[in-house]
Amino acid sequence: MTFPSRGCRTCKKRRVKCDEARPVCERCRKANLECTHDEGTNKFIFLSENEYAVGRRKRPRGPNVKPGSSIQPHSQASLTLDESQTASIQDVQPFEELDIAQLASVTRGLDIPLDDQAFTYYAQLCRGSTWIAGNLLSLALSAVSHATFGRSQKSSAIVAASNAKYAKALLKTNAALTDPVEAMNDEVLLAVMLLSFYENSVMDKTSNDLGRGLQVMASRSFTHHDGAMAMLNFRRQKHYRSARSVELDKLVRRQLIRSLLLRSQPLPPWLRNGAQFGESGIALAFDKCMVVGAKLRHQASKLLHNTPSSPTSEAYDEVTKLHDLFAEAKALDGLMATWEKNLPLESRYSVYKIHQNGVDETSQRIFDVENVHVYPTVGHAGMWNRYRTLRIAINDIMIKVLTKIGGPEPTNILFRGDCIKVRIEHLTEDLCASTPYMLGLIETGYVPLGGDMAAFTKAPTPLKETASATIASLICWPLAMTTMIPSIPQRHRQYLKARLLDVSEIVDDGVLETLASGSLEE
């Protein structure tokens, strides 16, 4: 007898073997494809062995094929679980040993403990993640999962539970940092980064910090970033580190650089050499641009706020510094343009026109139906968008410097300013064109009846289903940075703010939601 395959529909269409992982199989994850399953079409019998295994009931003779032993599919509106489902959650294995893919298949219900519901939600949010056992890391993950779950459900009780777990995680983290050996552990560094995300997640519209600027509003999250930076400095002094630790340090450093750029702060000297943290090739070349960009943004934040609009003899040194700043920004912009030209062909994107297929609701989230980008992978899209964001920020510095300097050649300055504004507009258009791909709003295919390859809008679905939080997080920093840059054209800025609001809903981030809905600027 041949049993039907339980592989996903995407692999069946591609005629490749599926590893049957849930909710996303490995092949679909690597190919960045939507992984869909034929749920409920095959009525397999669920054999619950839990009560027999623990001795609660005597095992009957013969096969357990009674109709009552099978599980019927539940609708999403269901709020109760039968006994066999509840037992499968609580009795099969310790929660810390569950794979996230297994956990995400649990149906939410009143009979399931809050901890399980929160972890289930977070597992579905970050599809493809794996639960890592460990006391401190478990607490940090628990705090974040409860915070994101409580935010999505708008439940103050769940958020209160997350606060209690956060307090425990913070105490354990501080205790670990007092021990030089414990402070070197990867789990401690991961916990600190998770706690920074927790702070963003619990930010709500009733906070007293709203409207006081990003530096104040996200101060608690940035405090954790500063702590992680101190840990990174301590960890790099260790003579031997595993490959896993080196890779973790590299990823954390990247996040910290983006945090410093948001805050217009320079990198400390020991953090500037990306090669010491494992960067190489084109990633190392771009890393150097990020380091210089952070330095220039810091200089601009100081000079542009202190220099008078009409330079006097007393301000000559400051004006000279502004000229030097403009020259450095111009040189960095040219260096980044060269970096883009040297990218290999396999890293480049394709431009498509949206083929109208009647899905108007999704089309409203697309900036220009004549110009959308499709990338080899979401990782490539993230790389391109970080590049565009940094160039926009650097060109914005040049605009501000020209406005501040003035001088005896207003015509020349006006011409240069217009050229820079056009460059910013082109870069922002490319960022807008890449966003639908990042959010999973489009797919490519051939136009019917022998047409050319085109992009099609997908049917409207909830935001959390079109893109996982893991993928959406790749565009958080570009959107957050660009929505605070005033030199971006207003139409582009409004579109990016709307998409940032979408992303804030996907990742359950209160700070991003405030940036998107408010009028905060640098």
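A residue is called buried when its relative accessible area is under 20%. With that cut-off in hand, welcome to a short tour of this predicted model.

**Aromatic rings**

- How many aromatic pairs does a search of the whole structure find? The search turns up 8 of them.
- One of these is formed by Trp 339 and Tyr 387, a tilted pair with 5.4 Å from centre to centre and 35° between the planes.
- Trp 339 belongs to helix H14 (residues 316-341) and Tyr 387 to helix H16 (residues 378-405), so this pair ties together parts that are 48 residues apart in sequence.
- Tyr 375 and Tyr 437 make another tilted pair, with a centre-to-centre distance of 5.6 Å and an angle of 50° between the planes.
- Tyr 375 sits in the loop between strand E3 (372-374) and H16, while Tyr 437 is in helix H17 (residues 410-438), so here the pair ties together parts that are 62 residues apart in sequence.
- Both Tyr 375 and Tyr 437 are buried.
- Ring pairs also join up into a cluster, made of Phe 286, Trp 339, Tyr 349, Tyr 375, Trp 384, Tyr 387 and Tyr 437.

**Helices H12 and H20**

- Two packed helices are described by the angle between their axes and the distance between the axes.
- For helix H12 (residues 243-262) and helix H20 (residues 476-483), the axes come within 11 Å and cross at roughly 10°.
- Angles under 35 degrees count as roughly parallel, and H12 and H20 are therefore roughly parallel to each other.
- Which residues make the contact? H12 supplies Arg 258, Leu 261 and Leu 262, and H20 supplies Trp 477, Ala 480 and Met 481.
- By residue class, the contact of H12 with H20 has 5 nonpolar residues, no polar ones and 1 charged.

**Positive phi angles**

- Most residues other than glycine have a negative phi.
- Lys 154 has a phi near 55°, a positive value in a residue other than glycine.
- The position of Lys 154 is in the loop between helix H7 (135-153) and helix H8 (156-177).
- Is Lys 154 buried or exposed? With a relative accessibility of 76%, Lys 154 counts as exposed.
- Ser 264 also has a positive phi, near 55°, and is likewise a residue other than glycine.
- Ser 264 lies in the loop between H12 and helix H13 (281-306), and is buried, with a relative accessible area of 16%.

**Cysteines**

- A disulfide is a covalent bond between the sulfur atoms of two cysteines.
- The structure holds 0 disulfides.
- Cys 11 is buried, with a relative accessible area of 1%, and Cys 25 counts as buried at 1% relative accessibility.

Technical notes. Residues are numbered from 1 along each chain as its sequence is written. This is a predicted model: local features need pLDDT of at least 70, side-chain atom pairs count only at pLDDT 80 or more; totals for chains, interfaces and linings use all residues. Side-chain values use heavy atoms; hydrogens and water are left out. Rings of Phe, Tyr and Trp (its six-membered ring) pair if their centres lie within 6.5 Å; planes under 30 degrees apart count as stacked, over 60 as edge-to-face and the rest as tilted. Helices (H or I, at least four residues) and strands (E, at least two) are DSSP runs, numbered from the N terminus. Buried means under 20% relative accessible area, exposed over 50%, partly exposed in between (1.4 Å probe, protein chains only). Axes are lines fitted to C-alpha atoms, for helices over the stretch in contact, and angles run from 0 to 180 degrees between N-to-C directions. Angles under 35 degrees count as roughly parallel, over 145 as roughly antiparallel, 65 to 115 as roughly perpendicular and the rest as oblique. Contact means heavy atoms within 4.5 Å. Ala, Val, Leu, Ile, Met, Phe, Trp, Tyr, Cys and Pro count as nonpolar, Asp, Glu, Lys and Arg as charged, and the others, Gly among them, as polar. A disulfide is a pair of cysteine sulfur atoms within 2.5 Å.
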